[in-house]
Amino acid sequence: MLGLLDDVRVLELTHSLSGAFCAKLLADQGADTIKIEAPGRGDAARYEPPFLGDGEPANHSSLFLAFNTNKRGVTLDVSTPSGRELFLHLVAERDVVIESFTPGYLDELGLGADALHQINPGLIITSITPFGQTGPYRHYRGADLIAQAMGGFLYTTGQSDRPPMGTALEQTEVVAARNGVIATMAALLQQRDTGRGQQIDVSVMEAVVSTPPNFIHQYSFTGVIAGRGFFSDRAVMDGMHIPTRDSEVTLTTAGTGGNPMETWADFLEEPRLRHEKFSSAQGRAENWAELLQIMRAKLAEWKAHEFMQQAMDQRLVVGVVQSPEEVAHCSHLAARGSLVTYEHPEVGALNYPGAGFLMGGENPVVAHRAAPRLGEHNQEVYGGELGLSAAELGVLRAAGVI
């Protein structure tokens, strides 16, 4: 199956996980994507542990390997005159540039949106920064937890008697990357129709705000401010994680016939769940301690996956809190072909999540290239595509340009 974007050419000039993941998502769908890194050291993500296998750590960071599949990699210092010239040559033949520099920095180098559009009027420039290209915070540095804090997410997460609890694994960077991909795909449609390019302004903070957060809707519509624990402190049947014999499961009150607690009572053979005090969300919250005691005792009789399967067969919505190992070996994901395997020349076979959707019954991720080693494709790109000789490349290398 050909990649969905096999006619799209992307240039990545980023130093953030959101920028790298945005480019990866396009590359995974077949876009010819070149990642530009600083000569010598490269992307900072190359030095984040854990490292896989032996050899040069810069090529074995699990974080870098995860965020940079299906890209070609070159080194280039765009702050030098020769580096800027090479960059403009590359831009002339590209559809998309993804960048993550502080607003105004590329303008200072003569590589801002206006300059790039003079070279390539149809170019789409996707800029991903902590706070966006405009506004009083535009020049501030940021990070994943900063975005969670500033976007209001931390105010509502965790228990009421404990500090805020942020989500792990750079999730706001991932959401910002997906926002960038959605906007880039829309711009590509317009580009194909009109030939015009544009600059897309993605803010990581706004990625938090724009991820349908119920607390913002609640405040906007009703004026109520939801604090920590507002939805979870006493939510025994509405999202609490309860242990079974071998793992935890997450419950909801989703049932059948408009009487979910009666359905639960029948399934668990527990008549106490039929009591009127448990029939509404308010009643369950007021009597949460008693309800939790009942549910803990009943679930202790089950193994997690057996409980989930039998409960789901009764149209009761249950999820096993799976470990990463269980997810990686999940029979359901395997049946759908949801994971893809890449062969890395130094660390071997690596399994990755796929696109998160199927096209024509197939996973559309094009798994043909593991994350590039630093400067791996310098010769291929600068020599093969731009026509530079070996002697010219040697001079640029010696000068620290590539």
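Residues are numbered from 1 along each chain as its sequence is written. In this predicted model, local features require pLDDT of at least 70 and side-chain atom pairs count only at pLDDT 80 or more, while totals for chains, interfaces and linings use all residues; side-chain values rest on heavy atoms, with hydrogens and water left out.

The largest pocket holds about 1300 Å³ of space. A pocket is defined on a 1 Å grid over the protein atoms alone, as an open set of points where a 1.4 Å probe fits, with protein on both sides within 12 Å along at least five of seven lines; lining residues have an atom within 4 Å of a point. Grid points are joined across faces, edges and corners, and the volume is the space filled by probe spheres set on the points. The largest pocket is lined by 36 residues, of which Phe21, Lys24, Tyr352, Pro353 and Gly354 are the closest to its centre. Two or more lining residues are given by each of α1 (17-28), α2 (62-67), α8 (171-194), α15 (324-328) and β11 (348-353), these elements being DSSP runs numbered from the N terminus (helices, H or I, at least four residues; strands, E, at least two). Helix α8 supplies the largest share of this lining, six residues. By class, 26 residues of the lining are nonpolar, six polar and four charged, where Ala, Val, Leu, Ile, Met, Phe, Trp, Tyr, Cys and Pro count as nonpolar, Asp, Glu, Lys and Arg as charged, and the others, Gly among them, as polar.

The second largest pocket has a volume of about 650 Å³. Of its 33 lining residues, His15, Ser16, Leu17, Gly142 and Glu173 are the closest to the centre. The elements that give two or more residues to this lining are α1, α2, β5 (124-129), α6 (144-150) and α9 (204-209). The lining divides into 17 nonpolar, nine polar and seven charged residues.

Threonine 172 lies in helix α8 and is buried at 7% relative accessibility (buried, under 20% relative accessible area; exposed, over 50%; partly exposed, in between; 1.4 Å probe, protein chains only). Leaving aside neighbours within four places in sequence, threonine 172 is in contact (heavy atoms within 4.5 Å) with Asp144, Ala147, Gln148, Val204, Ala207 and Val208.

Eleven aromatic pairs are present in the structure. Phenylalanine 131 and tyrosine 137 form one that is edge-to-face, at 5.7 Å centre to centre and 75° between the planes. Rings of Phe, Tyr and Trp (its six-membered ring) pair if their centres lie within 6.5 Å, with planes under 30 degrees apart counted as stacked, over 60 as edge-to-face and the rest as tilted. Phenylalanine 131 is buried, at 10% relative accessible area, whereas tyrosine 137 is partly exposed at 36%. Trp264, Phe267, Trp302 and Phe307 are linked into a cluster by ring pairs.

Two arginines sit over rings, a charge being so placed if NZ of Lys or CZ of Arg is within 6 Å of the ring centre and within 35 degrees of the ring normal. Arginine 41 lies over the face of tyrosine 47, 3.7 Å from the ring centre, and the charged end of arginine 46 lies over phenylalanine 64, 3.9 Å from the centre of that ring.

The peptide bond from proline 49 to proline 50 is cis, with omega near 5°, and proline 50 is placed in the loop between β2 (32-37) and α2. Asparagine 70, not a glycine, has a positive phi of about 60°; asparagine 70 is in the loop between α2 and β3 (71-75) and is buried at 3% relative accessibility.
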